[in-house]
Amino acid sequence: MNAIQTFQFGEINIDQDRMIDFPQGLPGFEDSRHFILCHEEGSEGIVHFLQSAEDGELVFSVADPAQFGIHYQFTLTDEEQAVLELTDMSDLLVLILLYRTAEEPSTSPDSIQGAFTLPLIINVKARKGLQKIMPTLTPSVLLSEISSPVAD
């Protein structure tokens, strides 16, 4: 177990068994390839953190897109499956990066946005990850429990 001084959490111990390897790095951060997924102590909230094990100042806010009603359906290329060492689709975890724009410096939760076209795909069993670039999303709408306001 190694320790790293982080910007967000102070000194934390990095357990090798919890580390997630992004073999290709993340776009713009290719030199950081090892991360741990964590949350603030005592917090089981929506936001989690992807902390670099190599750079204590590099941390990404992430969330499960299902918490926002977003459910992805996509195909992984053979290369992506190889990077993830994927043998079972049920081992996949999909996360979205959260960010604030410079135009909205407010700390209000309303100013947080998600990078929905750039989900993080993680094989939780092999502890391998990648960022899938999806230039376009095709939305579909599922309506359930609809009652008609039209009276007879």
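## I70, in a loop

At 30% relative accessibility, I70 counts as partly exposed, a label for anything between buried (under 20% relative accessible area) and exposed (over 50%), using a 1.4 Å probe and protein chains only. I70 sits in the loop that runs between β6 (59–63) and α1 (78–84); helices (H or I, at least four residues) and strands (E, at least two) are DSSP runs, numbered from the N terminus.

Leaving aside residues up to four places away in sequence, I70 touches P65 and F116, where contact means heavy atoms within 4.5 Å. I70 and F116 are 46 residues apart in sequence, with 8.6 Å between their C-alpha atoms.

## About the model

This is a predicted model, so local features need pLDDT of at least 70 and side-chain atom pairs count only at pLDDT 80 or more, while totals for chains, interfaces and linings use all residues. Residues are numbered from 1 along each chain as its sequence is written, and side-chain values use heavy atoms, with hydrogens and water left out.

## V83, in helix α1

Now for a buried residue: V83 lies in helix α1 and has a relative accessible area of 17%, which means it counts as buried. Not counting residues up to four places away in sequence, V83 touches P23, Q24, K128, G129 and L130. V83 and F22 are 61 residues apart in sequence, yet 8.5 Å apart in space, C-alpha to C-alpha.

## E57, in another loop

E57 is found in the loop between β5 (48–52) and β6. With a relative accessible area of 65%, E57 is exposed.
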